[in-house]
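Dear colleague,

I am handing over the structure below, together with some notes on what was found in it. Please look through the model first and then read on.

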Amino acid sequence: MRVTLGRLRHRGTGPRPARIRRDGRGSSLVLMPAGVLIVLVLASIAVDMSVVHLRKRQALDLAAAAANDAATAGADPAALREGAFRLDPAAARRVVLRTVAASELAPDLAAAPVVRVTAAGVEVTLAVEAEYVFAGVMPGAPDGAVVTATASASAASSPSP
Amino acid sequence: MGTTAGGGRAGVRRRDEGAVRGGRGGRDRDDRGLMGGIEALPFGLLIFVVGTLLAANAYAVVAAKSATDAAARAATRQFVEAPVVDAAGARAAEAEAVVTGLEALVADGRDPDRASVALTGLVAPGRSGPAYVRCARATFTATYRVPALTLPWIGGYGSAFEVRSSHSELVDPFRDGVPGEARSCG
C-alpha cells in the first residue's frame, strides 16, 4: 500500500507538513503483538479445558470408588446370611457419603451425591465444580464449569478355586 | 522510520547525517525514530516467552495432577485387594502398593525421583490405631514435584510446585482371610 501525504492541502498556520511516503513495510511489527496475544489466549483456553477434563476424571474415579465401596459395604447382612445379595439403600448411601467426604474433592462438590440403588447394584452420580485458571481474568467469562460423572458397581461372588 | 523530509532541506540532511539511499521508491532511511519504538520488540518477546512458560507450567501441573491421581488410585486398589492375614502381611501389602503407585507414575512418563507414594491413613472401625481389617478405610497419597522449567529433550530444572493427590477405599468386607467384622461397614 502506498499513500502519499505530501500533496494534501495544508491548512492552518503551522509549518507546512513534510512530504511523507508510506508503504506496508514494517506492518508485521504491528501484527506480531496481536499474534502473540492470540497464541497466549489459545494456550490459556487449552489449559482451562485440561482442568475441566482433569476434574471429570477425578469425579469419575471418586464415583467409581464410592460405588465400589457401597456395593459391598452396603450389603444387607441378614440377606447374606440367607444366601442372597441385597443392598440396603440407607447403608449404601451412608457408605457413599463417607467415601466422598474422605476425598479431596469434597470441598468442590456442586451438589450432594445422588445414590441410586437397584437390584443389580448401586449407581453414584457426582457433580463437581471445576475452576478455570485463566478464564477468570477475562471480563464476562465464567469462572468455572460443573462436571458430572456417574459410575455403577455390583457385587458378585468370586469363583470357587 | 522511512520518512523523507520534503523540500530543499532534505538534501542537506542527507549529506549531514549520512542517510542511506532507499530502493525503487527513492526512500531514505536512517536511525531517526528508532528508539521511539524499539523497546516494544524485547518487551513483546519477553511477554511471549514468559506467557508461554506460564501456560506450559500450568499445563504441567494439570498433567502431573492427573498422574498423581492415577498413582494414588492404583496404590489404594492394590492395598485393599491384597491378601493380608496379619500385621506383617499388611506391611508387605503397603510396600507393594507403594511400588504399584510409583510404577503408575513411571508409566505416565514421570521421574520417580521426584515422586513419593505413601499410606497416609488406615482407619479401622472400632479400633484406636491403624489396622488392616474389614471395612478399614485406606488412604494413599501420591506427591510429585513439578519442575520449574521443563525443556524438551533436556529435562526439568528446579521444583516449583508440589502436586498432591489422595485416594481412599474400604477394605472389602466380604473377602476371605481378613480379620474383623463386616457388619461395622455400613
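Which hand does the crossing of H2(B) and H3(B) have? The crossing of H2(B) and H3(B) is right-handed, where a crossing is called right-handed if the near helix is turned clockwise from the far one by less than a right angle, and left-handed if anticlockwise.

Before the details, some conventions. This is a predicted model, in which local features need pLDDT of at least 70 and side-chain atom pairs count only at pLDDT 80 or more, while totals for chains, interfaces and linings use all residues. Residues are numbered from 1 along each chain as its sequence is written, and chains are lettered from A and ligands numbered from 1 in the order in which they are written.

The helix pair

Two packed helices are described by the angle between their axes and the distance between the axes. The axes of H2(B) and helix H3 (residues 87-107) of chain B come within 8 Å and cross at roughly 150 degrees; axes here are lines fitted to C-alpha atoms, for helices over the stretch in contact, and angles run from 0 to 180 degrees between N-to-C directions. H2(B) and H3(B) are therefore roughly antiparallel to each other, given that angles over 145 degrees count as roughly antiparallel, under 35 as roughly parallel, 65 to 115 as roughly perpendicular and the rest as oblique. Helices (H or I, at least four residues) and strands (E, at least two) are DSSP runs, numbered from the N terminus. The residues that meet include B:Ala67, B:Ala71 and B:Phe79 in H2(B), and B:Ala97, B:Gly101 and B:Leu105 in H3(B). By class, this contact has 12 nonpolar, three polar and two charged residues.

Two buried residues of chain B

B:Thr76 lies in helix H2 (residues 40-80) of chain B and is buried, because 26 other C-beta atoms lie within 10 Å; a residue is buried at 20 or more such atoms, exposed at 12 or fewer and partly exposed in between, with C-beta atoms placed from the backbone. Not counting residues up to four places away in sequence, B:Thr76 touches B:Ala138, B:Phe140, B:His167, B:Ser168 and B:Glu169, where contact means that the C-beta atoms, placed from the backbone, lie within 7 Å.

B:Cys135 is found in the loop between strand E3 (115-123) and strand E4 (137-146) of chain B, and counts as buried because it has 24 C-beta neighbours inside 10 Å. Its phi is near 70 degrees, a positive value in a residue other than glycine.

The chains and their confidence

Chain B has three helices and seven strands, and buried residues make up 34% of its 186 residues. Chain A has three helices and five strands, and 25% of its 161 residues count as buried.

The model scores ipTM 0.72 and pTM 0.74. Mean pLDDT (the predictor's confidence in each residue, from 0 to 100) is 82 for chain A, with 80% of its residues at 70 or more, and 79 for chain B, with 77% of its residues at 70 or more. Where pLDDT is low, the predicted coordinates should not be read in detail. It stays under 50 over residues 1-8 of chain A and over residues 1-24 of chain B.

Methods: Contact = placed C-beta atoms within 7 Å. Nonpolar A, V, L, I, M, F, W, Y, C, P; charged D, E, K, R; others polar.
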